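Student: I'm new to this one. Can you walk me through it?

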Amino acid sequence: MKTKYANLVKNAVGRMVPTEVNGEKQVPFQGIGKYKPESRKYGPKIASCADYPEDGNKQVASLKEALIKAGLKDGMTISTHHHFRNGDLLANQIFDIAKELGVKDLRWVPSASFPCHEHLIQYLEDGTIHHIEGSMNGPLGRFASHGKMKGMGVLRSHGGRYQAIQDGEVKVDITIIGAACADPFGNANGLYGPSASGLLGFALADSQYADKVIVVTDNMVPFPCSPWQIQGNYVDYTVEVEQVGVPEKIVSGTTQITKSPDRLLLAEMTAQLCLEAGIIKDGFSFQSGAGGTSLAVGDYFAKIMREKNIKARFARGGSNKYLVSMLEEGLVDYILDGQTFDLKGVQSMADNPNHVWTSPFTSYNYHGKGNFAGLVDVVILGATEVDVNFNANVVTHSDGLMLHGIGGWQNCLFSKTVILPIPLFRDRIPVILDEVTTICGPGELIDVIVTERGIAINPKRTDLIEALKDSDLPIKTIQELKEEAEKICGKPAKPKFDDELVAVIKWVDGTIIDAVKKVKS
Amino acid sequence: MSNKIATAGNTGKKVRSDCFVTLELRDSGGIELELKSKVQVMYGDSNIELCKDVLSFYGIENAKLVLEDSGALPLVIAARIEAGVKELIDTDKEYLLDLIGENKYTSEKEQFRFSRLYLPGNTPSMMLNAGIHEPNGIILDLEDSVAFTKKKEAQLLVRNALRGINFYGAERMVRINQFPKGLEDVKYLIPHNVHMLLVPKCEGADQIQELEQKIEKIKKEYNVTNPVYLMPIIESALGVERAFEIASASENVVALAIGLEDYTADLGVKRTNEAVESFYARTRIVNACKATRIQAIDSVFSDVGDMEALKENVKVSKGLGFEGMGCIHPRQIKVIHESFAPEVDEIEKAKKVVNAFIDATERGLGVVSLGTKMIDPPVVKRAEKTIHLALSLGLIEENWRDEFSN
């Protein structure tokens with residue numbers, strides 16, 4: 001039996017973290033850019049064409065057969081991806097099959113989990129799954145927060161997941177890649193078919209480094225499936241099934257900008273700040289997510305750009321119909337897309353050569369020779385909590401429950417300016433605290449907090465402070481914002497935890513930046 | 001003691017920043033508290049203290065209190081428990097939390113009233129952030145947006161909101177209930193720095209005078225010295241005919257508003273976007289206001305999604321002589337402000353007046369004149385407001401006086 005964790009030490013942000021997790025050695029966070037491994041990348045086994053069908057047809061009859069042929073057995077590491085989001089039908093089936101075959105102690109490495117995976121809690125309870133390494137959203141996070149998972153949860157960013165697989169921190173035995181479109185050789189993309197989601201970037205690392213690669217689709221086309229976002233040369237088996245995902249839960253028919261006046265105000269203030277700080281200028285670049293406030297920021301950007309006749313060189317997706325209309329209107333030259341949130345985005349990616357799919361390798365991998373995230377002028381992100389040192393949390397809530405994944409959030413912190421538009425409090429819960437429950441991002445990378453009651457600029461950004469010194473925007477210190485929230489809401493009591501740890505948060509370089517404690521039930 | 005059960009507040013999946021209280025008075029057994037809260041971890045303990053404190057304030061020693069909390073602030077929880085208590089016990093005692101320092105500002109007769117944001121008086125979630133959208137005024141509404149059975153608890157919530165919620169400088173207005181029921185609302189408002197009462201469906205000067213008497217009595221009782229202004233809302237054919245009489249009923253009447261939903265219903269006609277059916281009423285009210293030198297305020301525009309139509313609507317409204325209108329959504333505020341904004345010639349005139357005033361002050365002159373014309377202080381005041389507004393809307397630069405120096 002592997003120990004869950006051991007040997008706690010204090011890391012560079014002052015958090016106590018284990019140096020052994022699930023029986024494997026770990027490096028505590030040492031500071032940004034400090035940890036540089038000297039080893040070589042992980043090398044997958046060499047394959048030979050002699051072992052694969054001469055006609056290129058790797059199709060087998062069922063997912064079960066593919067898993068058996070891939071050698072599914074106790075203790076293996078199984079990876080999946082979240083291109084189908086809450087409409088994913090594959091992950092649940094994989095572990096149904098594992099259960100049926102009596103396989104135990106699997107390590108599941110999803111690129112993200114969704115509420116639809118609540119089905120898997122039974123397998124965490126009966127030992128089919130030992131633990132999850134990947135974002136745990138909603139029900140799975142709640143389960144793990146109460147200390148019910150046998151192993152430790154390991155949470156990584158999208159870039160951190162690529163890094164961990166590339167570096168051999170996570171050796172994937174079998175990866176199952178759900179694809180909207182594929183051919184029997186294993187070439188696959190996310191562009192065409194009923195389960196279209198745009199791209200398959202999150203599966204890239206797994207396809208390159210996993211021992212066995214299975215591609216599953218409900219839209220099998222004759223060779224060649226083009227474009228091949230996943231290259232069939234990495235693939236062992238292909239499977240055709242009735243349905244891989246529930247289309248309406250994969251991408252929304254149409255994303256909508258928030259109607260909440262408070263969020264619109266946050267978005268408007270954020271855009272105004274970017275304008276006054278000189279960030280919105282010809283040739284600039286930005287990334288703004290698909291959340292209600294982020295969409296609205298993009299829309300305000302568009303208004304400003306139209307008025308001032310400014311063009312952006314590129315925008316980083318998550319793409320959506322608003323970003324696509326900016327591309328089509330000529331306000332941005334390129335969309336570099338990491339995931340697509342609505343049908344308009346999928347369509348544009350298929351049709352428009354300037355709407356480019358990317359992967360966590362190009363966008364986010366910290367153990368590469370640069371990545372795109374660092375080239376972006378301004379990124380708009382969210383957070384559940386921020387503290388007076390600008391450290392931010394995206395994984396746990398103020399009651400201690402772990403309910404969200406990291407996504408690309410940590411990776412995006414390397415953008416030139418990082419802005420978090422967040423309400424000062426949510427239903428009486430202050431967002432700015434003395435100390436965040438969990439540090440997911442160090443304060444030195446977070447530049448501006450925009451709340452409806454004031455804007456705090458990180459004192460390190462003297463250039464921004466200078467640029468905005470005559471602004472009419474309500475610029476305050478973060479301490480003042482914290483006090484304002486507490487004045488309205490009252491000072492919140494801290495959550496009560498057990499000493500036991502339930503999960504660790506990895507930094508983008510594979511070191512451990514913080515650990516999540518079990519909540520007191 | 002009877003075992004009657006009282007309830008107050010709101011609960012449900014969509015309810016935020018509110019709570020639902022169930023109170024049962026008992027003969028023995030002490031206080032039993034049951035708390036279910038979305039913010040239990042952060043505020044569970046302080047909520048228990050608050051519940052105990054309110055009950056003990058009313059001398060309740062044996063009771064069961066169930067609090068279902070959706071992230072309510074203390075001022076909301078306290079109002080809900082007080083409402084429960086008052087349903088079961090006859091008492092005039094008021095459980096008051098602090099009137100926060102930020103809420104002690106006053107308003108003026110002359111101030112701009114372009115926008116006033118309606119906030120349902122029994123919905124705390126909409127009150128908390130109302131001020132950040134910078135309307136000229138906020139209206140805590142006790143009338144149409146509050147269900148008949150919730151009238152009493154809304155009085156307490158509005159009272160606590162006036163004391164504890166920061167509206168960031170907006171004029172603090174309350175729409176009371178229709179005469180004569182609205183007279184009962186007044187004592188929950190006057191001692192808590194309300195700036196203005198909106199008097200719905202007003203049909204005569206006698207109503208205003210009776211209301212004023214009541215206000216005066218409470219002002220004396222609570223030693224309130226600030227004026228409480230009145231904005232009667234004309235919403236019936238009779239009210240329109242008596243607009244002048246109502247406008248001149250008291251010096252505290254600083255504006256008349258028109259309510260078109262009820263007015264068109266009273267006429268028995270459909271309310272249209274072109275508003276031809278209410279043209280007479282609107283011009284009559286504007287005229288009554290100008291005759292008495294008070295502000296004429298237009299009805300709300302109810303299509304919250306259509307900002308272009310709102311813009312058009314404001315233009316027409318301004319053209320008729322109205323000086324403000326109601327908002328039912330914060331996004332309407334900016335559009336209304338921009339559309340009521342002073343026009344170029346208006347700003348130019350104000351610049352000359354203010355510049356002359358500053359010149360005169362600098363030269364130690366008691367009288368301000370422009371050319372051969374003397375300028376009265378109210379004209380200067382109004383011009384200053386126009387300049388201030390033009391500045392805040394970004395229509396002129398901070399250094400606008402430079403053009404007068406050469």
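Predicted model: local features only at pLDDT ≥ 70, side-chain atom pairs only at ≥ 80, totals over all residues.

Student: In what sense do E18 and E21 of chain A pair?
Tutor: Take strand E18, residues 378-380, and strand E21, residues 417-421, both in chain A. They share 3 bridges, and pairing needs at least two. One residue to look at is A:Val379, whose bridge partner in E21(A) is A:Val418. The sense of the pairing is parallel.

Student: Which strands of chain A stand at the edges of the sheet?
Tutor: The sheet is open, has 9 strands with mixed pairing, and its order is E17-E16-E15-E14-E18-E21-E25-E26-E27 in chain A. An edge strand here has a single partner strand, so one side of it is left without a neighbour in the sheet. That picks out E17 (355-357) and E27 (475-476) of chain A.

Student: What angle does helix H8 of chain A make with E25(A)?
Tutor: H8 covers residues 261-276 and packs on the sheet. It touches E18, E21, E25 (448-451) and E26 (454-457) of chain A. Its direction and that of E25(A) make about 140°.

Student: Which element gives the most to the side of chain A that touches chain B?
Tutor: The contact takes 17 residues from chain A and 19 residues from chain B. By class, chain A's side has 8 nonpolar, 3 polar and 6 charged residues. With 4 residues, the element giving the most to that side is H8(A).

Terms used:
Residues numbered from 1 in each chain as written. Chains lettered and ligands numbered in written order. Helix = DSSP H or I, 4+ residues; strand = E, 2+ residues; numbered from the N terminus. Contact = placed C-beta atoms within 7 Å. Axes fitted to C-alpha atoms, helices over the stretch in contact; angles between N-to-C directions. Nonpolar A, V, L, I, M, F, W, Y, C, P; charged D, E, K, R; others polar.
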